[in-house]
Amino acid sequence: MDDREPPGGVRGLASLQWAYKAALAPGVVAASLIVVLVLAVAFALAGRVEQGDLSHRVLLWITCATVCWPLCHAVAAVMLYLTRALPPAAIALAAACGTGFFTLLCTAVAYTAYGLFYPARAGSVPILAMYVNVTLLTVVASAILHFVVCQIASMRHGVAQEDAPPDGTAAAPVVAPAPAAAAEHASWFFERLPVRLGRDIVCLRVSGHYLEVVTSEGSCLVLLPLSDAVKALGDLGMQVHRSHWVAYRHVLGMIRRGHRTLLQVTGEREVPVSRSRVAEVRQAMRRSGA
């Protein structure tokens with residue numbers, strides 16, 4: 001995921017893309033088990049209790065929760081990890097499907113355990129009723145887990161603007177004039193662009209065999225290698241990623257999101273910076289005044 005652009009800020013559902021890290025934290029794992037056990041006891045106490053049946057009922061639900069919890073938590077963490085590069089809505093859907101999957105397994109465990117705890121009543125409880133009870137417990141536990149890991153992900157991997165003013169206001173962009181010599185050298189490159197887009201290049205992005213050229217007036221696709229465009233544009237900007245180039249005059253700032261570095265550019269766009277190029281990009285930004 002290092003070279004993928006996140007679809008948005010790490011807020012709300014977007015935090016699901018980073019939630020797998022929180023789900024594997026020791027503190028969250030321990031808290032998850034405690035929550036499941038507490039819910040199991042609560043469900044046992046809330047059910048119909050016959051005379052002398054309370055202790056057996058509590059023990060039954062605790063046993064089921066203890067047996068099912070490792071699988072349920074592991075499935076939830078794996079689903080979050082495998083779907084981390086998908087859009088947030090797709091991750092949420094996958095998490096819901098994962099909950100439905102291990103609900104079936106938990107129902108089988110609970111039904112089997114009921115037969116062991118109450119041999120005389122084995123088969124007397126409808127499987128549908130058992131499934132409804134187990135579903136309520138797993139859905140509540142899953143909702144609590146995903147809410148907690150999303151909150152942790154939001155706090156740990158939220159956007160942190162570097163070198164922001166003390167009052168928290170956004171720094172005004174520094175627009176450096178485009179070097180005349182560089183613009184002249186890039187004339188053949190600009191001739192490939194529609195006239196309506198002008199010559200104020202914001203950034204470039206590799207898109208399959210094409211190059212997406214973004215200007216202050218719009219964007220278009222050009223059949224051209226990024227390396228040729230980088231040479232043509234020269235001192236107007238720099239390549240910050242194997243698939244991205246940005247113009248110095250349109251860089252608004254550098255931010256950290258989790259373990260990734262991004263450049264904010266004109267048009268509310270975010271461009272990823274390769275780890276190997278971070279130091280070079282910082283130096284270039286200082287020299288250009290961006």
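**Entry 1: aromatic rings**

How many aromatic pairs does the structure hold? I looked this up before anything else, bearing in mind that this is a predicted model. My search gave three aromatic pairs. For each pair I wanted two values, because a pair of aromatic rings is described by the distance of the centres and the angle of the planes.

I began with F43 and W61. Their ring centres are 5.9 Å apart and their planes stand at 35°, so I noted this pair as tilted. I then checked where the two residues sit: F43 is in helix α2 (residues 26–46) and W61 in helix α3 (residues 54–82). They are 18 residues apart, and the pair links distant parts of the chain. Is W61 buried or exposed? W61 counts as buried, because its relative accessibility is 11%.

Next I turned to W188 and F189. The centres of these rings lie 6.3 Å apart with the planes at 90°, so the pair is edge-to-face. I also noted that W188, F189 and F190 form one aromatic cluster. W188 is partly exposed at 33% relative accessible area, whereas F189 counts as buried at 0%.

**Entry 2: the nonpolar core**

F189 turned up again when I looked inside. The largest nonpolar core has 19 residues, and F189 and L204 touch the most other members. Which elements give two or more residues to this core? My list reads α7 (187–190), β2 (201–207), β3, β4, α8 (226–233) and β6 (244–247).

**Entry 3: a hairpin**

Strand β3 (residues 210–215) and strand β4 (residues 218–222) run antiparallel, joined by five bridges. Together they form a hairpin, with two residues between the strands. To picture the pairing, I picked out L211, which stands opposite V222 in β4.

R199 is found in the loop between α7 and β2. I put R199 down as exposed because its relative accessible area is 53%, and exposed means over 50%.

**Entry 4: salt bridges**

How many salt bridges does a search of the whole structure find? I counted three salt bridges.

In one of them, the side chains of R249 and D200 meet at 3.2 Å, N to O. R249 lies in the loop between β6 and β7 (251–257) and D200 in the loop between α7 and β2, so this pair ties together parts that are 49 residues apart in sequence. Both ends came out as partly exposed: R249 has a relative accessible area of 24% and D200 has 23%.

Another salt bridge brings together the side chains of E212 and R205, at 2.8 Å, N to O. E212 is buried with a relative accessible area of 12%, while R205 counts as partly exposed at 32%.

I also looked at R257 and E270, whose closest N and O atoms are 2.7 Å apart in a salt bridge. R257 is in strand β7 and E270 in strand β9 (residues 269–273), 13 residues apart, and the pair links distant parts of the chain. E270 counts as partly exposed at 24%.

**Entry 5: a patch on the surface**

Which residues make the nonpolar surface patch of about 560 Å²? I wrote down L104, I127, L128, Y131, V132 and L136. Helix α5 (residues 127–157) gives the largest share of the patch, five residues. Y131 has its place in helix α5, and I noted that Y131 counts as partly exposed at 30% relative accessibility.

Technical notes
Residues are numbered from 1 along each chain as its sequence is written. This is a predicted model: local features need pLDDT of at least 70, side-chain atom pairs count only at pLDDT 80 or more; totals for chains, interfaces and linings use all residues. Side-chain values use heavy atoms; hydrogens and water are left out. Patches are made of residues with over 30% relative accessible area and no salt bridge: like charges are joined within 9 Å, nonpolar side chains (Val, Leu, Ile, Met, Phe, Trp, Tyr) within 5 Å. Accessible areas come from the Shrake-Rupley method with a 1.4 Å probe; for residues, only the protein chains shown count as cover. A salt bridge is a side-chain nitrogen of Lys or Arg within 4 Å of a carboxyl oxygen of Asp or Glu. Helices (H or I, at least four residues) and strands (E, at least two) are DSSP runs, numbered from the N terminus. Buried means under 20% relative accessible area, exposed over 50%, partly exposed in between (1.4 Å probe, protein chains only). Two strands pair if DSSP finds at least two bridges between them. Rings of Phe, Tyr and Trp (its six-membered ring) pair if their centres lie within 6.5 Å; planes under 30 degrees apart count as stacked, over 60 as edge-to-face and the rest as tilted. A nonpolar core is a set of buried Ala, Val, Leu, Ile, Met, Phe, Trp, Tyr and Cys residues joined through side-chain atoms within 4.5 Å.
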